[in-house]
Amino acid sequence: MASAIPLALSLLQSVTPSNPVPQKPATANGPLNAPATTPPRQPTSAPVNIPNSQSSIASNHKANSVMAAGSPPSKMTSNLCDYCHQRPKYADGSKTHLYCGKTCATKAKSSGGSSSSNGTSSSSNSVNCDYCHARPKYHDGAQMHAYCSKACANSAKYKKSGSKSTCQAPGCSNAVHVSSSKGSIGEYCSLAHKTLGENVCLMCRNAQKMANSPFCSQTCVDDAEAQGSMILDVPQGHSTFKSVADQFKSSWRHATPCPPVKHVYKIMGAKASIAAYNAYRDAVEARGQFVAAGRSPGNENRRWHGTTRECTLGDKGRTQFCSSSTCSLCCIVRSSYDLSLFGKKTGWGRFGKGIYTSSTSSKSNDYSRNASSCNSSLKAILLNKVAVGRGCKMLHDSTSMTAPPSGYDSVLAEKGGSLNYDELVVYTNDAIRPSFLVMYEL
């Protein structure tokens, strides 16, 4: 019996693990090698011997699983090309480049992206727009663009070029306003300067104009009249430019596309000429009482007139009249209309010897032309103020007329009958004055 005891002890050691039980990994609640709160494990009658290597693998696998559940996922870096986002990045054995090949690298560089010497981009690899950094980049189905929209692309191009970066308001050199949300670029640095720029006095270019005048004060009115006949450039952002250009576009009624307006000039006549027109308009108003009916004094309206230009008056920077006595445009702008010249161009008039205008810009365009001596890509048309007064409506030609019918101040030739488009005819020089010179593409 005593000889069997050593043998039993030897067998018991062979089934008992030589290493201690592996420690459990830490969790978010604390280390798992802390004193256990559960009852100690009771030995089994048949303990299983786990090899050391298998025990380590199992322990490590469990630890990794627990750590993954308790820690935030790491930021994943895409292995796709940073430009086309379709092909894998190129790896040369020592490093992985940003792009799949030279083609995408060149395109990325030309679109504004740049790379440093170690092959990393100088800007982040964000999927958001490279300009506003707020919206996702635009993908057209073939490639990912650098910007979210055309607005941001144009803004980035504008910022890079630095052109027209200063406020357009008179005397201001501040940078223009750029919308952080839309990426759009304005012409002014602030709303106050936008208001000033759109309504600046055309004479002094410093103060805001009056409500119904292109000038800021009577002083500027007097200064403009004292300088005699001239034309004043109207900036494209000015409210007056918009008003004239909108009327030109809205009254273009022919089937042909309306050409864009390139320049607008305010016509200033001589002081005596302006006074004569105002006196005539006031007399018409006294007879017709149009203001009481909610109309303008003398029933004044704006109407178009097309004529011949021999020079380049009205082209960019050209504000001086030519010396030709047959350049109809310069003669009209300088000294207004002259009935004594009636018929020298057209030979006749449907409603007799009068001065013809129209509310249809495309009809007056038919009479606007450049002479062979005028080398210009633009055409000229005049927008006039006309004291219409009481107009007599007519549908059929009356070529012998030299004055409106008794009791009327003008003739309103309406569409229909012998006309495809309207005409307004006045029979005295003082009933009309050219107000704006409008230049538009041929």
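Visitor: Where is alanine 245 found?
Guide: Alanine 245 is found in helix 7, residues 239-250. Helices here are DSSP runs of H or I with at least four residues, strands are E runs of at least two, and both are numbered from the N terminus. Keep in mind that this is a predicted model: local features need pLDDT of at least 70, side-chain atom pairs count only at pLDDT 80 or more, and totals for chains, interfaces and linings use all residues. Residues are numbered from 1 along each chain as its sequence is written, and side-chain values use heavy atoms, with hydrogens and water left out.

Visitor: Buried or exposed, that alanine 245?
Guide: Alanine 245 counts as buried, at 16% relative accessibility. Buried means under 20% relative accessible area, exposed over 50%, and partly exposed in between, with a 1.4 Å probe and protein chains only.

Visitor: OK, helix 6. Which residues are buried there?
Guide: In helix 6 (residues 218-226) those are Cys220, Val221, Ala224 and Glu225. They sit on the same side of helix 6, because they cover an arc of only 135° around the axis; the arc is that of the directions from the helix axis to the C-beta atoms.

Visitor: Why would residues three or four places apart point the same way?
Guide: An α-helix has 3.6 residues a turn, so that's how the spacing works out.

Visitor: What covers the buried residues of helix 6?
Guide: The cover includes strand 1 (230-234), strand 2 (261-268) and helix 8 (271-288). Thr219 and Ala226 are exposed, on the face turned away from the buried side. After helix 6 comes glycine 228, with a positive phi near 75°.

Visitor: Switching topic: what's in the largest nonpolar core?
Guide: It has 30 residues, and Ile231, Leu313, Leu329, Leu382 and Leu437 have the most contacts inside it. A nonpolar core is a set of buried Ala, Val, Leu, Ile, Met, Phe, Trp, Tyr and Cys residues joined through side-chain atoms within 4.5 Å. The largest share of this core, 5 residues, comes from strand 7.

Visitor: What is leucine 437 in contact with?
Guide: Leaving aside neighbours within four places in sequence, the contacts of leucine 437 include Ile231, His263, Tyr265, Leu313, Leu329 and Leu382. Contact means heavy atoms within 4.5 Å.

Visitor: How many disulfides?
Guide: The count comes to 0 disulfides, a disulfide being a pair of cysteine sulfur atoms within 2.5 Å. The sulfur of cysteine 311 has its closest cysteine sulfur in cysteine 330, at 3.5 Å, too far for a bond. Cysteine 311 is buried too, at 13% relative accessibility, and cysteine 81 is buried at 0% relative accessible area.

Visitor: Last one: what order do the strands take in the open sheet?
Guide: The 4 strands run 5-10-9-8, with mixed pairing; two strands pair if DSSP finds at least two bridges between them. Strand 5 (355-357) and strand 8 (391-394) are at the edges with a single partner strand each, so one side of each has no neighbour in the sheet.

Visitor: And how many bridges join strand 8 to strand 9?
Guide: There are 4, and the two strands run parallel. In one of the pairings, glycine 391 has serine 410 in strand 9 as its bridge partner.
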